Amino acid sequence: MGILNTTPDSFFDGGRFLAPEAALERARRMVAEGAHVIDVGGESTRPMAAKVSLQEELERVLPIIALIRAQLPVPVSIDTTKSEVARHAIAEGASIINDVSGGRADSCLLEVAAQS
């Protein structure tokens with residue numbers, strides 16, 4: 001699984017993949033290096049990270065999910081703790097929900113997962 005952080009405060013990549021084109025190029029590279037799934041996240045889960053609004057998270061991840069699904073032959077995972085982000089990501093083509101809270105942050109996310 002290739003991890004694609006679309007956050008300016010990512011501890012790993014420091015926000016290098018915020019632009020959809022840069023994110024797509026990184027996803028291409030990860031697939032070429034052997035990734036079978038691309039996990040897209042729009043909110044940092046590092047300790048003390050600032051929370052992101054629903055709208056901001058959607059704006060960060062949906063265009064990138066659409067590009068990856070249109071141009072790469074791999075499943076996309078959405079890394080979120082918000083049910084509405086998961087719902088929109090599934091509609092955009094994501095096929096896996098990666099919720100690091102295990103449904104504790106938003107219990108409706110489990111329903112979205114079950115329905116999809």
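Helices α1 (20-32) and α2 (residues 54-71) pack at an angle of about 45°, with their axes 9 Å apart. An axis here is a line fitted to C-alpha atoms, for helices over the stretch in contact, and angles run from 0 to 180 degrees between N-to-C directions. That angle makes α1 oblique to α2; angles under 35 degrees count as roughly parallel, over 145 as roughly antiparallel, 65 to 115 as roughly perpendicular and the rest as oblique. The crossing of this pair is right-handed, a label used if the near helix is turned clockwise from the far one by less than a right angle, with left-handed kept for anticlockwise. On the α1 side the contact is made by Pro20, Ala23, Leu24, Ala27 and Arg28, and on the α2 side by Pro63, Ile64, Leu67, Ile68 and Gln71. Contact means heavy atoms within 4.5 Å. Sorted by class, these residues come out as eight nonpolar, one polar and one charged. In this sorting Ala, Val, Leu, Ile, Met, Phe, Trp, Tyr, Cys and Pro are nonpolar, Asp, Glu, Lys and Arg are charged, and the others, Gly among them, are polar.

The model is a predicted one, so local features need pLDDT of at least 70 and side-chain atom pairs count only at pLDDT 80 or more, while totals for chains, interfaces and linings use all residues. Residues are numbered from 1 along each chain as its sequence is written, and side-chain values use heavy atoms, with hydrogens and water left out. Helices (H or I, at least four residues) and strands (E, at least two) are DSSP runs, numbered from the N terminus.

Helix α2 also packs against α3 (residues 83-92), this time at about 20° and with the axes 9 Å apart. The two are therefore roughly parallel to each other, and α2 passes α3 in a right-handed crossing. From α2, the contact uses Leu54, Glu57, Leu58, Val61, Leu62, Ile65, Ala66 and Arg69; from α3 come Glu84, Val85, His88, Ala89 and Glu92. That set holds eight nonpolar, one polar and four charged residues.

Ser83, Ala86 and Arg87 in α3 meet Cys108, Leu109, Val112 and Gln115 in α4, giving four nonpolar, two polar and one charged residues. What does Arg87 touch, leaving aside its neighbours within four places in sequence? The contacts are Val112 and Gln115. Arg87 is partly exposed, with a relative accessible area of 37%; buried means under 20%, exposed over 50%, and partly exposed in between (1.4 Å probe, protein chains only).

Then there is the inside of the model. In soluble globular proteins, nonpolar side chains tend to be buried together. Here the largest nonpolar core has 21 residues, of which Leu4, Ile38, Val40, Val61, Ile65, Ile68 and Ile78 touch the most other members. A nonpolar core is a set of buried Ala, Val, Leu, Ile, Met, Phe, Trp, Tyr and Cys residues joined through side-chain atoms within 4.5 Å. At least two residues come from each of α1, β2 (38-41), α2, β3 (76-79) and α3, and α2 gives the most, with six. Ile65, not counting residues up to four places away in sequence, touches Val40, Val76, Ile78, Ala89, Glu92, Gly93 and Ala94.

Val74, in the loop between α2 and β3, is buried at a relative accessible area of 7%. Val74 and Val37 are 37 residues apart in sequence, yet their C-alpha atoms are 5.6 Å apart in space. Beyond four places in sequence, Val74 is in contact with Val31, Ala35, His36, Ile38, Ile68 and Arg69. Thr81 sits in the loop between β3 and α3 and is buried too, at 17%. Its contacts, again leaving aside neighbours within four places, are Glu43, Asp99, Val100, Ser101, Ala105, Asp106 and Leu109. Met48, in the loop between β2 and α2, counts as exposed at 81% relative accessibility. Met48 also has a positive phi of about 70° although it is not a glycine. Ala19, in the loop between β1 (2-5) and α1, is partly exposed at 37%.
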